[in-house]
Amino acid sequence: MIRSWEILDFLEVCDGRLHIDGHDAVELAREHGTPLFVYSESRIRHNIVRLKQVGDAVGCGFKLCYAAKAMSTLGVLRSVRDAGCDLEVNSGGELWKALKAGFRGDQLNFNGLSKEEWEIELAIENGVYAIQVDSLYELSLIEETARRLGKKANVSLRLVPGIESATHSGLQTAMLTSKFGMMPEEAFAAFAKYKDSEHLNLSGIHLHVGSQNPSPAVYTQAFDEMFGALLRIYRETGIRLQHINLGGGFPVNYLRDGSQAGDFPAEQREMFAADFEPAEAMRTAWAAVREKADAENVRDLLEGITLLLEPGRSIIADAAICLTTVRNAKQRPTDDRQLTTDHWLLTDAGFNILLSMETYKWYYHLISAERAGELHETPYKLAGPLCDGGDVYFDIEGEGRLPDHRLLPENVEPGEVLALLNCGAYSLAQASQYNGRFLPPVVLTKADGTAELIRRRDTFEDLIASDL
């Protein structure tokens with residue numbers, strides 16, 4: 001029997017236990033301790049291949065850039081590089097790490113809203129593909145820096161078009177109320193002002209519609225905005241853009257196992273269960289662009305143009321599992337009448353390493369790694385180890401945004417190893433040493449069948465490494 005959360009040749013049940021790329025998850029937990037993140041190189045490559053199909057679907061130049069902010073451990077970055085994928089970075093630190101991992105400057109896009117001069121210098125000196133410009137002030141700063149260095153900076157202007165999608169409010173990036181980008185009129189004025197600059201190569205425009213979008217329709221709307229901007233820039237300045245950047249935002253189906261789907265309100269369920277093929281979404285959206293180009297008799301504007309995508313979640317989210325051990329168990333009445341009892345399980349994985357579970361009330365499907373083949377029908381209250389009442393695996397505010405209970409096999413006791421699925425994106429990347437807890441190790445299951453430790457667990461000295 002194939003369980004709905006299983007993925008052939010990646011996540012499977014063998015002898016009753018969870019196996020990751022053929023490796024016994026429980027044995028990995030015993031060897032390296034928990035909490036432990038396990039990333040699959042093969043799954044990363046599979047997801048990159050899937051997204052590269054967009055290039056065939058649109059039939060123009062195509063550049064796929066993994067969003068390093070989702071997870072930027074050097075071992076993961078090298079796996080992305082070896083899979084033939086470029087990179088999007090959001091700070092001078094991520095840019096430095098990318099170069100350390102072996103990426104060339106022309107393989108890098110540099111986003112970010114509050115760039116310092118040293119970051120801009122690092123980007124220009126290394127000839128990044130494009131610096132994504134967030135404001136008119138930043139554009140002037142980039143030109144000034146490039147002039148001082150005696151170089152020419154490749155730039156792309158980020159627009160905020162006012163596109164809304166049915167995702168989490170914190171993941172909306174194209175609304176007028178968001179902090180990202182500049183107004184289209186500002187961008188058009190900037191193209192006119194700097195079109196003859198000796199220190200700026202105005203190479204493209206950038207637009208991001210947010211993350212975990214449940215409907216592909218937003219990409220058609222985004223392309224429509226892009227084409228309108230592309231056409232206006234050409235007619236007003238004569239500039240033929242070299243690329244258009246649509247960001248990422250393709251969804252991951254966090255509810256592939258639907259056992260608790262009924263515990264979510266409809267809107268939350270739609271977002272967590274979102275699942276469509278990026279290539280088909282882009283094919284439909286690009287066809288609409290071609291029709292508009294034909295109608296305006298400017299089909300040649302699309303010749304030689306390159307489409308950039310910057311996905312993070314859809315490359316890395318389902319490529320990782322967090323293994324955690326039950327460290328404590330207790331029972332508690334559910335109300336003052338004490339007629340019913342909740343069974344509580346306290347694990348060693350808290351929101352210090354899974355921050356989205358608290359900030360966005362994000363859902364990661366939970367199973368027993370030791371008894372993955374057994375029925376998961378017994379409800380438990382799950383919580384992490386932190387001295388914080390919000391460090392729980394359910395919604396304490398009663399809003400129904402997470403299940404009240406998690407389903408596991410019966411009689412789970414301390415010492416049992418559990419697995420949180422689909423948690424590769426924005427987990428360790430946002431982790432902290434809150435409560436003086438060690439950041440966890442990371443194991444990468446390699447395509448050659450080995451399992452390599454690519455990040456060690458913190459030590460006591462790491463807790464005070466920067467203290468004076």
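Predicted model: local features only at pLDDT ≥ 70, side-chain atom pairs only at ≥ 80, totals over all residues.

I started with helix H4 (residues 92-100), where Gly92, Glu94, Leu95 and Ala98 are buried (under 20% relative accessible area with a 1.4 Å probe, protein chains only; exposed is over 50%, partly exposed in between). Those four cover an arc of only 160° around the axis, so they sit on the same side of H4; the arc is taken from the directions from the helix axis to the C-beta atoms. Trp96 and Lys100 are exposed on the other side of H4. I looked up the cover over the buried residues of H4, and it includes helix H3 (74-82), strand S6 (86-89), strand S7 (108-110) and H5.

Numbering runs from 1 along each chain as its sequence is written, and side-chain values use heavy atoms, without hydrogens and water.

Next, H5: I find Glu119, Ile120, Ala123 and Ile124 buried. They fall within an arc of 130° seen down the axis, so they line one face of H5. Their cover includes H4, S7, strand S8 (130-133), H6 and strand S9 (153-158).

Then I checked H5 (residues 117-125) against H6 (residues 136-149): the axes come within 10 Å and cross at roughly 60°. On the H5 side, the contact (heavy atoms within 4.5 Å) includes Ile120 and Ile124, and on the H6 side Leu141 and Ile142.

Last entry: just after H5, Gly127 has a positive phi of about 60°.

Conventions
Axes fitted to C-alpha atoms, helices over the stretch in contact; angles between N-to-C directions. Helix = DSSP H or I, 4+ residues; strand = E, 2+ residues; numbered from the N terminus.
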